Amino acid sequence: MATQTIEATDHKLLVAGERVETGEWSEVRSPYDGTLVARVPKGDASLVDRAADAAYEAQIAGDFPQWQRAAVLDRAAEIVREREDELAATICAEAGKPIKTARVEAQRCVDTLNFSATEARKLTGETVPMDAGASGVGKVGIVMRVPFGVVGAISPFNFPLNLVAHKLGPAIAAGNAVVLKPAGQTPVSAIKLAEILYEAGLPENWLHVITGSGSDVGDAIVKHERTRAITFTGSAPVGWGIRADVPHKKVNLELGSTAPLVIHSDGDWETAADKAKLHAYSHAGQSCISIQRIIVHEDVADAFTERFVSNVEGLVVGDPADENTDVGPLISEGDRDRVKEWVDEAASGGAEVLTGGELVDEGRCLAPTVIRGPAPTDKVWCEEIFGPVATISTYSTFEEGLAMANDAKYGLHAGVFTRDIGNGLEAGRVLEFGGVLINEVPTFRTDQMPYGGVKDSGNTREGPAYAVRELTEERLVTLQG
Ligand code: NAP
């Protein structure tokens, strides 16, 4: 199937039911070859004001009931399905994500919206047995789940469509109006998704999209008096900085990680090597649960390493629009250079670069890289690399392998390969992560499951059923006869 061509277009901001230009433009260019993909206006804090006020008025009017929210989300899912090829091509063009991976993202967006529609239908509270306490006799107690009102949503570049759907779908399902700032590098998919939601029947004042810089538009959304909850996906320093800035607001953080994959001597290391080839390098490693630290038992380390390196050397690197490409460019030249520098630092400290480590395709991409034996202080081990790099370290006892996986400031997902059910249960008990996946790579995710991290990786769970809980608060109502 040929990748659709995305014509360079000027997009407008979506504010208070209007299509807005500001006179100043940001260019969105392909991270692969610099082709112009689109121009978007540079928004500012005054537009955030307009958007947040309009969102507030729309939300308190309260004339968008659950059944309508569900119908809009289901209809939006249908439109995304109809436009899947175009949306995949947009993701590919603006994020440099290989087209076959971009198609999966567009398909997953359909699921995310459908699961959100289900939650809009199911949203409910509970009753309180008031007369279980002597002073409550004669009263009925109801705990309602009520929306926060206006939610500020801020999204990253690496899943420019589906992660925006994970913000908008649950927020709308829960009955919130939203002011969204998508990533500066990848705003087009977000704008298209918003237009799809309007087409599906979303009242325009329930969703506003403002492009512009994080420190200007993002900061204004975070601090605006109308936004009572913030849903943020991005890097840990920015996320925790936001939380510190607005301690009185509900701040839901989905942040980074250094995802470990533990392969025990009794585990299916061949399957692990085959899966890891894709899941350490897909979108050039720019996924928050991309495999970064492979921790393998010494008895199977050589066999695993040989198979894994040979797999990695078979990956096709280059133009993300090409059907055959497995690994495309990093999002920017700065990131490409940073990742290469971290690899070089590890190598000069004594780690072995088994494959990769060099720029290829006329310098546009970093070759998929495998590093053996990083030191615990090497950035490739202890900082989120967010690039096409995996490290291999070895251990002797299962306990030691789990301790190495836990040796991280992050805790999003961990994968463990073992055929022993006792080991699997032990991993589930001991590993300090939001998700522990047995006989699976840490990169696995479907859109309905609870997804989120502990430690520096965040403080919330997404997946529409869980996100709706995080984007509503409990209100007690008692009735006296
Ligand atoms: P980022 O640099 O933290 O940016 C994320 C978003 O925050 C962007 O829209 C950015 O705007 C905005 N922003 C920046 N500074 C801000 C500020 N002071 N106030 C408010 N907003 C601000 O992250 P990224 O490079 O786009 O994404 C990569 C990171 O996201 C990685 O760490 C990755 O692990 C994480 N991630 C986590 C998950 C998860 O679910 N846990 C999923 C995907 C990605 P600009 O684009 O304009 O700078």
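# A walk through the chain

Alanine 284 sits in the loop between helix 9 and strand 14, which covers residues 293-297. Start here. Bear in mind that the model is predicted. Is alanine 284 buried or exposed? Alanine 284 has a relative accessible area of 0%. The cut-off for buried is under 20%, so alanine 284 counts as buried. Its backbone deserves a look too. Phi of alanine 284 is near 50°, a positive value in a residue other than glycine. Most residues other than glycine have a negative phi.

Phenylalanine 386 shows a positive phi as well, about 50°, and this residue is not a glycine either. Where does phenylalanine 386 lie? Look in the loop between helix 12 and strand 19, the strand of residues 389-395. Phenylalanine 386 has 18% relative accessibility, so this residue counts as buried.

Aspartate 378 is found in the loop between strand 18 (369-372) and helix 12 (379-382). With a relative accessibility of 13%, aspartate 378 is buried. Aspartate 378 and valine 436 are 58 residues apart along the chain. Their C-alpha atoms are separated by 25 Å.

Step back to the whole chain. How many helices and strands does the chain have? There are 15 helices and 24 strands. The radius of gyration of the chain is 23 Å. For 481 residues, the globule rule gives 23 Å, and the chain's value is close to that. The chain is therefore as compact as a globular protein of that length. Along the principal axes, the C-alpha trace spans about 75 × 65 × 40 Å. Of the 481 residues in the chain, 55% are buried.

Next come the charges. Side chains of opposite charge can pair when their charged atoms come close. The structure holds 35 salt bridges. One of them joins arginine 307 to glutamate 270. The closest N and O atoms of this pair are 3.7 Å apart. What does the pair tie together? Arginine 307 lies in helix 10, and glutamate 270 lies in helix 9, residues 269-279. The pair therefore ties together parts that are 37 residues apart in sequence. Arginine 307 is partly exposed at 31% relative accessibility. Glutamate 270 is partly exposed too, at 35%.

Another salt bridge joins the side chains of arginine 336 and aspartate 337. Their N to O distance is 3.0 Å. What about the surroundings of these two residues? Arginine 336 is buried, with a relative accessible area of 15%. Aspartate 337 is partly exposed, with 38% relative accessibility.

Arginine 364 and glutamate 362 also meet through their side chains, in a salt bridge of 3.5 Å from N to O. Arginine 364 has 28% relative accessibility and is partly exposed. Glutamate 362 is exposed, with a relative accessible area of 73%. Salt bridges can also be linked into a network, as with Arg19, Glu195 and Glu204.

Now turn to the surface. Which residues gather in a patch of negative charge? They are Glu298, Asp299, Glu399 and Glu400. Helix 10, residues 298-313, supplies at least two residues of the negative patch. Helix 13, residues 398-406, likewise supplies at least two. Pick out glutamate 399, which is placed in helix 13. Glutamate 399 has a relative accessible area of 66%. The cut-off for exposed is over 50%, so glutamate 399 counts as exposed.

The surface has a nonpolar patch as well. Val140, Ile142, Met144 and Leu479 form this patch. Together they have about 310 Å² of accessible area. Which strand gives the largest share of the nonpolar patch? Strand 7, residues 139-147, contributes 3 residues, the largest share. Methionine 144 has its place in strand 7. At 36% relative accessibility, methionine 144 is partly exposed.

Technical notes:
Residues numbered from 1 in each chain as written. Predicted model: local features only at pLDDT ≥ 70, side-chain atom pairs only at ≥ 80, totals over all residues. Heavy atoms only, no water. Patch = residues over 30% accessible without salt bridge, like charges linked within 9 Å, V, L, I, M, F, W, Y side chains within 5 Å. Areas by Shrake-Rupley, 256 points an atom, 1.4 Å probe, with all protein chains shown as cover. Salt bridge = Lys/Arg side-chain N within 4 Å of Asp/Glu carboxyl O. Lys, Arg positive; Asp, Glu negative; His and termini not counted. Charge placed at Lys NZ, Arg CZ, Asp CG, Glu CD. Helix = DSSP H or I, 4+ residues; strand = E, 2+ residues; numbered from the N terminus. Buried < 20%, exposed > 50% of the residue type's maximum accessible area, 1.4 Å probe, protein only. Rg over C-alpha atoms; globule rule 2.2 N^0.38 Å.
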